[in-house]
Amino acid sequence: MKKIVKTRWFSILFWVVILAAVWEAAAFHVAATKRNPENILPHLYQIIAAAFSTQKVNQSMTATQLVLSSAATTVFRAALGFAIGVASGFVLALLMNLSGIIEKIAFPYLMIIQMIPILGMAPIILSITGSINVSRILIAAILTFYPVATNTLAGFKSVEKEKYELMASYAAKKRSLYTKVLIPQCIPYFFTGMKISAPMAITAAILVDTLQGDGGLGCVLSQSLRHAMSISVFWLIVFFSAFLGIISWKLMGWLEVMFTPQKRHLSKKKQTDGKDVELCTKEKNRSGKSFLKAGVLQR
């Protein structure tokens with residue numbers, strides 16, 4: 001039983017059960033309260049039933065089909081903006097580390113851009129670009145841009161002075177310094193920025209969809225809130241959006257393990273240490289039992 005309690009899956013299942021219980025208690029409370037407009041917090045079984053229902057919520061698609069088709073559009077825009085933001089954020093961090101003047105000029109503007117709300121940024125970007133789709137991609141890129149740039153710059157700044165002195169003693173060129181020391185040092189920080197910004201890019205794409213329409217999860221979300229279709233569609237989008245955010249974060253973690261040797265070594269070491277601890281525990285239990293048996297026999 002102790003082994004089961006200590007497992008990772010038990011803790012996940014425990015919190016899922018707690019959250020489900022809280023949700024159901026809130027759903028019963030809302031159902032018992034007469035409100036206007038109508039109650040919009042369904043039970044979990046109603047949301048699950050809507051996900052597997054074959055009833056069409058519009059002229060041609062069921063709720064699940066509508067959510068998945070809209071998600072494909074949103075994820076494509078978010079992924080494109082995320083890729084642009086990651087590339088530009090890394091390049092800017094590299095330039096800021098190369099030149100202190102660039103860092104002093106660019107860093108305050110990065111802070112200002114980050115402080116502007118998404119809902120306020122969307123009309124500005126739309127007026128500049130004149131294209132709804134381009135503005136969505138750019139907003140996802142802007143939100144991705146800041147975490148990647150700041151974390152990568154922190155990775156460059158984290159290099160110890162001794163490593164600079166060692167490379168100078170070998171008369172290493174600046175290119176070698178970056179390829180051999182600085183860039184490998186900043187890779188974990190770079191992936192940290194990516195893990196932060198990946199869910200943010202999806203959130204930005206959904207929020208901008210609610211303002212500008214033309215397909216996507218946010219557009220369907222706003223329609224369901226206006227009761228243009230079943231309210232279950234709204235909750236399906238909420239849960240699916242959360243699922244997309246978790247998957248994007250996990251994907252960045254998998255990429256980090258794949259491209260970072262230190263992470264692969266640590267994960268293998270944890271697995272090995274876990275097996276060694278389990279074997280040692282078994283050996284201790286066996287030795288303890290044999291000791292007790294020997295004592296009983298002597299008596």
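What follows is a chat about how the labels in this predicted model come from its values.

Author: Since the model is predicted, local features need pLDDT of at least 70 and side-chain atom pairs count only at pLDDT 80 or more, while totals for chains, interfaces and linings use all residues. Residues are numbered from 1 along each chain as its sequence is written, and side-chain values use heavy atoms, with hydrogens and water left out.

Reader: What elements does the protein chain have?

Author: The protein chain has 12 helices and zero strands. Helices here are DSSP runs of H or I with at least four residues, strands are runs of E with at least two, and both are numbered from the N terminus.

Reader: Which residues of H2 are buried, and what do they pack against?

Author: Trp-23, Ala-27 and Val-30 are the buried ones, and they pack against helix H3 (44–52) and helix H11 (231–259). Buried means under 20% relative accessible area, exposed means over 50%, and partly exposed is in between (1.4 Å probe, protein chains only). Across the 299 residues of the protein chain, 33% count as buried.

Reader: Why is the pair of Phe-14 and Trp-15 called edge-to-face?

Author: Rings of Phe, Tyr and Trp (its six-membered ring) pair if their centres lie within 6.5 Å; planes under 30 degrees apart are stacked, over 60 edge-to-face, and the rest tilted. The whole structure holds nine aromatic pairs. In the pair of Phe-14 and Trp-15, the centres are 5.5 Å apart and the planes stand at 80 degrees, so edge-to-face is the label. Phe-14 is partly exposed at 42% relative accessible area, whereas Trp-15, at 54%, is exposed.

Reader: What makes the pair of Trp-23 and Phe-239 tilted?

Author: Its planes are 50 degrees apart, with 5.4 Å centre to centre, and that angle falls in the class left between stacked and edge-to-face. Trp-23 sits in H2 and Phe-239 in H11, so the pair ties together parts 216 residues apart in sequence. Phe-239 is partly exposed, at 38% relative accessible area.

Reader: Why are H4 and H11 called oblique?

Author: Axes are lines fitted to C-alpha atoms, for helices over the stretch in contact, and angles run from 0 to 180 degrees between N-to-C directions. Under 35 degrees is roughly parallel, over 145 roughly antiparallel, 65 to 115 roughly perpendicular, and the rest oblique. Helix H4 (residues 63–98) packs against H11 at about 40 degrees, with the axes 11 Å apart, and the two are therefore oblique to each other. Residues making the contact include Leu-66 and Phe-82 of H4 and Leu-236 and Met-252 of H11.

Reader: How do you know whether Thr-62 is buried or exposed?

Author: Its relative accessibility is 11%, so Thr-62 counts as buried. Thr-62 is in the loop between H3 and H4. Leaving aside neighbours within four places in sequence, its contacts (heavy atoms within 4.5 Å) are Ser-53, Thr-54, Gln-55, Lys-56 and Val-57.

Reader: And what makes Ala-171 exposed?

Author: Ala-171 has 64% relative accessibility, so it counts as exposed. Ala-171 lies in the loop between helix H8 (161–169) and helix H9 (174–212). Although not a glycine, Ala-171 has a positive phi of about 55 degrees.
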